[in-house]
Amino acid sequence: MLPSQALLPAVVFTLTALQALASDTFIAAVYEHAVILPDPTEEPVSPNDALALMNKNMDILEGAIKEAAQKGAHIIVTPEDGIYGWQFTRESIYPYLEDIPDPVVNWIPCTDPSRFGPAPVQERLSCMARNNSIYVVANIGDKKPCDSSDPKCPSDGHYQYNTDVVFDPQGKLVARYHKYNLFRSETQFNYPKEPEAVTFETPFGKFGIFTCFDILFYEPAVVLVSKMQVDTVLFPTAWMNVLPFLTAVEFHSAWAMGMGVNLLSANTHNTSMAMTGSGLFMPEGPAAYHYDSATEEGRLLLAELSTHPRLSSTYPPAINWSLYATSIKKFPGENDTFSGAVRKDMFTFSELRHKAGNYTVCQGDLCCHLVYQMSNKRKDEVYVLGAFDGLHGSLIKYHWQVCTLLKCLSTDLSTCGQPVETAQTKMFEMFSLSGTFGTSYVFPEVLYSGVQLAPGEFKVLRDGRLKSKHGTSKPLITATLFGRLYEKDLPHPLRT
């Protein structure tokens with residue numbers, strides 16, 4: 001007969017599952033973690049030193065997990081690189097890796113830690129989930145041996161993968177995902193041979209998982225939502241904010257809206273690397289989000305989300321993103337255009353010279369249309385309408401179509417497209433932005449001064465127009481429709 005203490009997690013889990021089944025909502029949490037980093041070195045440290053560093057980070061994560069569970073959370077997501085950091089070589093990261101088995105093995109590391117060899121990190125994460133009766137999502141490193149029978153086997157005899165793991169409230173490993181789209185600096189890891197579409201069922205919906213850079217690509221991101229029909233996506237990330245379109249909270253909120261799913265986004269926090277911005281995002285907009293570029297503190301966020309958002313009465317209708325824009329003739333108005341760079345992408349811009357107007361700007365197959373009304377036209381702030389239709393990226397090239405109403409850095413038009421975080425006045429009484437997109441994958445963004453979102457202050461009509469509801473309550477940085485033409489992406493240069 002098992003002692004009562006051993007039965008407690010199972011009893012709590014059963015009660016939690018029954019509560020979740022009886023509800024149309026669940027409580028989710030994400031933790032933005034200020035990671036304790038190892039000292040930079042090209043030489044591997046000892047396994048004990050590696051574990052000591054990881055335990056320091058897991059001490060902090062465990063505190064956040066306990067707090068989330070005490071506040072009723074059913075699941076918590078922690079960030080990419082949240083246990084050991086970054087700035088590794090292939091050799092120096094090796095002591096931090098563990099062999100992570102396929103979840104079909106039905107394993108609870110907390111109660112059987114040595115079944116697959118030394119696994120102190122998996123054991124501790126499993127115990128955090130089990131002791132707090134909560135799903136725990138974490139990012140760690142997996143190692144897999146190989147030999148000469150595998151023609152792609154690395155010369156050191158093993159593969160190394162950037163890996164997400166999920167433990168259920170009993171501590172069982174229920175999901176393992178190997179990151180498929182590595183960022184350019186992740187040379188310490190191998191690319192998986194095939195993309196993985198990892199899902200698992202819970203009492204509160206069907207979940208999928210991928211990591212950071214993956215969100216910009218068809219596999220696995222679109223596959224999980226469009227083909228696997230997940231309700232919620234778990235998203236550990238180490239996202240470096242890039243204005244004007246790719247700050248974490250801005251793009252991740254837009255992606256959840258464009259794809260029509262919940263997104264649980266947990267970012268690392270490191271201001272020197274421009275890493276901040278986490279949130280719990282719904283198809284209707286953000287439920288909770290956090291952006292802090294001023295301090296070095298972590299942050300726990302919780303929110304109540306729909307278990308099956310597609311069945312919710314507030315679920316947004318299907319959108320034809322090009323319907324309105326392709327139905328009209330080119331707007332009248334001033335069409336003097338100029339080129340400007342957003343990073344290395346050359347946009348076609350047109351300055352908004354009047355308090356009100358109808359504007360059209362075209363590039364390639366994309367025409368962007370804007371109707372707007374300003375409360376006043378300041379002489380010290382300049383806004384433009386911009387269009388971009390082309391490949392983005394220096395090494396890995398993928399196709400964007402972007403329509404944007406954008407504030408310039410200064411009145412010098414050559415600064416249009418440079419990063420801007422602040423604006424001075426609430427100038428726009430209304431705006432309506434649309435484009436002749438060649439894709440159904442379009443993500444609507446509205447960003448206010450100070451990198452703040454605008455929940456409830458804009459809507460997307462079924463004909464593809466992004467419209468303000470009652471003007472702008474704060475100074476506007478950008479209103480953007482961000483489209484992805486996945487079929488026009490170039491072949492990946494590093495995955496062969």
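With which side chain does the side chain of K179 make a polar contact? The partner is the side chain of E80, at 2.9 Å. The legends below describe this contact and several other close-up views of a predicted model.

**Figure 1. The residues that UniProt lists as "active site".** An unreviewed UniProt entry places this feature at E80, K179 and C212. These residues gather at one spot, because no two of their C-alpha atoms are more than 10.4 Å apart, although they span 133 residues in sequence. E80, K179 and C212 are also included in the lining of the largest pocket.

Figure 2. K179 is found in the loop that lies between β5 and β6. Is K179 buried or exposed? Its relative accessibility is 2%, so K179 counts as buried. When residues up to four places away in sequence are not counted, K179 touches E80, N162, E186, P192, T211, C212, F213 and D214.

**Figure 3. The surroundings of C212.** The loop between β7 and α4 holds C212. With a relative accessible area of 9%, C212 is buried, since the cut-off for this term is under 20%. Residues up to four places away in sequence again being left out, C212 touches E80, K179, F235, P236, T237, A238 and W239.

**Figure 4. Helix α4 and its neighbours.** Helix α4 covers residues 218-227, and within this helix P220, A221, V222, V223, L224 and V225 are buried. Against which elements do the buried residues of α4 pack? They pack against the strands β5 (173-178), β6 (199-202), β7 (205-209) and β8 (232-237), and against helix α5 (248-259). Just after α4, Q229 takes a positive phi of about 55°.

**Figure 5. An open sheet of 6 strands.** The strands follow the order β6-β7-β8-β9-β10-β11, and their pairing is mixed. Why is one side of β6 and one side of β11 left without a neighbour in the sheet? Both β6 and β11 (285-290) stand at the edges and each has a single partner strand, so one side of each remains without a neighbour there. From one strand to the next, the twist averages 15°. Helix α5 packs on this sheet and touches β8, β9 (262-267), β10 and β11, and the direction of α5 makes about 20° with that of β10.

**Figure 6. The pairing of β10 with β11.** Strand β10 comprises residues 278-282 and runs antiparallel to β11, to which 5 bridges join it. One of the residue pairs is F281 with its bridge partner P286 in β11.

Figure 7. How many of the 10 residues of β4 (158-167) are buried? The strand is mostly covered, with 10 of its 10 residues buried. In a regular strand, side chains alternate between the two faces of the sheet. In β4, H158, Q160, N162, D164 and V166 point one way, whereas Y159, Y161, T163, V165 and F167 point the other way, and all are buried. Strand β3 (residues 135-145) runs antiparallel to β4 and is joined to it by 10 bridges, including the pairing of V137 with V166 in β4. Strands β4 and β5 also run antiparallel, joined by 5 bridges, and D164 has Y177 of β5 as its bridge partner. Between β4 and β5, which form a hairpin, there are 5 residues, and G171 in this turn has a positive phi of about 90°.

**Figure 8. T478 in strand β24.** Strand β24 spans residues 476-484 and contains T478. At 0% relative accessibility, T478 counts as buried. Its side chain makes a polar contact of 3.0 Å with the side chain of T404. Apart from neighbours within four places in sequence, T478 is in contact with P244, F245, E250, T404, L405, L406, E445, V446 and L447.

Notes. Residues numbered from 1 in each chain as written. Predicted model: local features only at pLDDT ≥ 70, side-chain atom pairs only at ≥ 80, totals over all residues. Heavy atoms only, no water. Buried < 20%, exposed > 50% of the residue type's maximum accessible area, 1.4 Å probe, protein only. Helix = DSSP H or I, 4+ residues; strand = E, 2+ residues; numbered from the N terminus. Contact = heavy atoms within 4.5 Å. Pairing = 2+ DSSP bridges. Axes fitted to C-alpha atoms, helices over the stretch in contact; angles between N-to-C directions. UniProt positions renumbered as here; feature names shortened; annotations may be inferred. 1 Å grid on protein atoms, 1.4 Å probe; cavity = no way out; pocket = protein on both sides within 12 Å on 5 of 7 lines; lining within 4 Å. Polar contact = N/O pair within 3.5 Å; in protein donor to acceptor, adjacent residues only side chain to side chain.
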